[in-house]
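These are notes from one colleague to another on the model shown below. They are set out as numbered points, to be read beside the coordinates.

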Amino acid sequence: MSPTHDSQILKGVLGLVLLRLIDERESYGYELVERVHALGLEDVPDGSIYPALGRLEREGHVTSELVRSPNGPARKYYRLSSSGRELLTERTAAWTHIVNAVTPILSENGNQPTGGRS
Amino acid sequence: MTGSLEAAKARAQIETTLARLSWKLRRTTSPARRREIRRDLRAHLLTTADDGGSAEALRRLGDLGALAEDYAEAERGRPPEPRYRTGVIAAIVVWVLVVLADGRRLLDDHGLNVAQRGDFDPWSWTAGTPNGKLDLFRVFGDVEHGLLFEVEMYRLGYIVFPLLAFVLGSRLWRAWRPTVLRSRLSRS
């Protein structure tokens, strides 16, 4: 059974995940949703991907282009801009730093809650 | 027949959901951006519905209230963009008004008491460029002959007034805000 993800943690990290996925290859919204779910983050609602993409686009970190699709509605492809690439580097470093700092604390007790004072 | 009915029902469900989301965003998001959001989500929902049906697509979209909050949060700080469509509509309306006003006797009253008209009859006033070389329009009247007020539009007026309406209606000056320019340059 896959663990349920905290929505606040996911919200914080979603931008970074999207930047990374778009950096790998240009993608459209539906494809990005599928790719996020394929990472094991199945409980990320489809809808939450789009506001995150909108924010990245507004801040100039990704650019988009509408491309006609032979089967279905036009697809909006997202591409990383140079500032997006810089942001990805910065956020990756920040995320790695947090994970490195937090992981030892969590693993001290075998990842189990201590249950308070005895 | 049943298939097309099902498809129509699914489409209606999707459109209703999009309309509800758009309504929730009406205070925080511009109409142009709301149209864009609806277009993005419609494309997504239709693609998802092809795989698992519209009910599943809408379930996967998540809670509409939370989605509206996400959008509102993501939109915060977005500089307002020009509203070109409104500008075009304003320009067309003004152009029609100019056509209607041109040569029309707006206040034509034959029963006017001409005895009180004073010494200014007939009168006229022309608006144009400061150097007097180009005229926009002229208003004039001749009370003695039962004409209180008439408008005559010159060729320049047909261009300037709709153009002005477009600029005002579209808030064209927003296009030159540094933040909008920057985001547009980064897109290109």
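1. Axes here are lines fitted to C-alpha atoms, for helices over the stretch in contact, and angles run from 0 to 180 degrees between N-to-C directions. Helices (H or I, at least four residues) and strands (E, at least two) are DSSP runs, numbered from the N terminus. The model is predicted, so that local features need pLDDT of at least 70 and side-chain atom pairs count only at pLDDT 80 or more, while totals for chains, interfaces and linings use all residues. Residues are numbered from 1 along each chain as its sequence is written, and chains are lettered from A and ligands numbered from 1 in the order in which they are written.

2. On those terms, helix 3 of chain A and helix 4 (residues 64-75) of chain B pack at an angle of about 5°, their axes lying 9 Å apart. Angles under 35 degrees count as roughly parallel, over 145 as roughly antiparallel, 65 to 115 as roughly perpendicular and the rest as oblique, and helix 3 of chain A and helix 4 of chain B are therefore roughly parallel to each other.

3. Two residues are in contact if their C-beta atoms, placed from the backbone, lie within 7 Å. By that criterion Gly47(A), Ser48(A), Pro51(A), Ala52(A), Gly54(A) and Arg55(A) of helix 3 of chain A meet Leu67(B), Asp70(B), Tyr71(B) and Ala74(B) of helix 4 of chain B. The residues of this contact divide into 5 nonpolar, 3 polar and 2 charged, where Ala, Val, Leu, Ile, Met, Phe, Trp, Tyr, Cys and Pro count as nonpolar, Asp, Glu, Lys and Arg as charged, and the others, Gly among them, as polar.

4. The contact between the chains as a whole takes 20 residues from chain A and 20 residues from chain B. On the side of chain A that touches chain B, helix 2 (29-38), helix 3 (46-58) and strand 3 (75-80) of chain A each supply at least two residues, and the largest share, 9 residues, comes from helix 3 of chain A. By class, that side of chain A has 7 nonpolar, 8 polar and 5 charged residues.

5. Chain A has 4 helices and 3 strands, which follow the pattern α-β-α-α-β-β-α along the sequence. The 3 strands form an open sheet of order 1-3-2 with antiparallel pairing, two strands being paired if DSSP finds at least two bridges between them. Strand 1 (27-28) and strand 2 (62-67) of chain A are the edge strands, each pairing on one side only. Strand 1 and strand 3 of chain A pair over 2 bridges, and the bridge partner of Ser27(A) in strand 3 of chain A is Tyr78(A).

6. A residue is buried if 20 or more other C-beta atoms lie within 10 Å of its own, exposed if 12 or fewer, and partly exposed in between, with C-beta atoms placed from the backbone. Of the 118 residues of chain A, 29% count as buried. In helix 2 (residues 31-52) of chain B, the buried residues include Ile37(B), Leu41(B), His44(B) and Leu45(B).

7. Ala72(B), found in helix 4 of chain B, is partly exposed, with 15 other C-beta atoms within 10 Å. Not counting residues up to four places away in sequence, Ala72(B) touches Leu25(B), Thr28(B) and Thr29(B).

8. Phi of Arg171(B) is near 55°, a positive value in a residue other than glycine, and Arg171(B) lies in the loop between helix 6 (155-170) and helix 7 (178-187) of chain B. Just after helix 2 of chain B, Gly53(B) takes a positive phi of about 90°.

Methods. Expected span 1.5 Å × (residues − 1).
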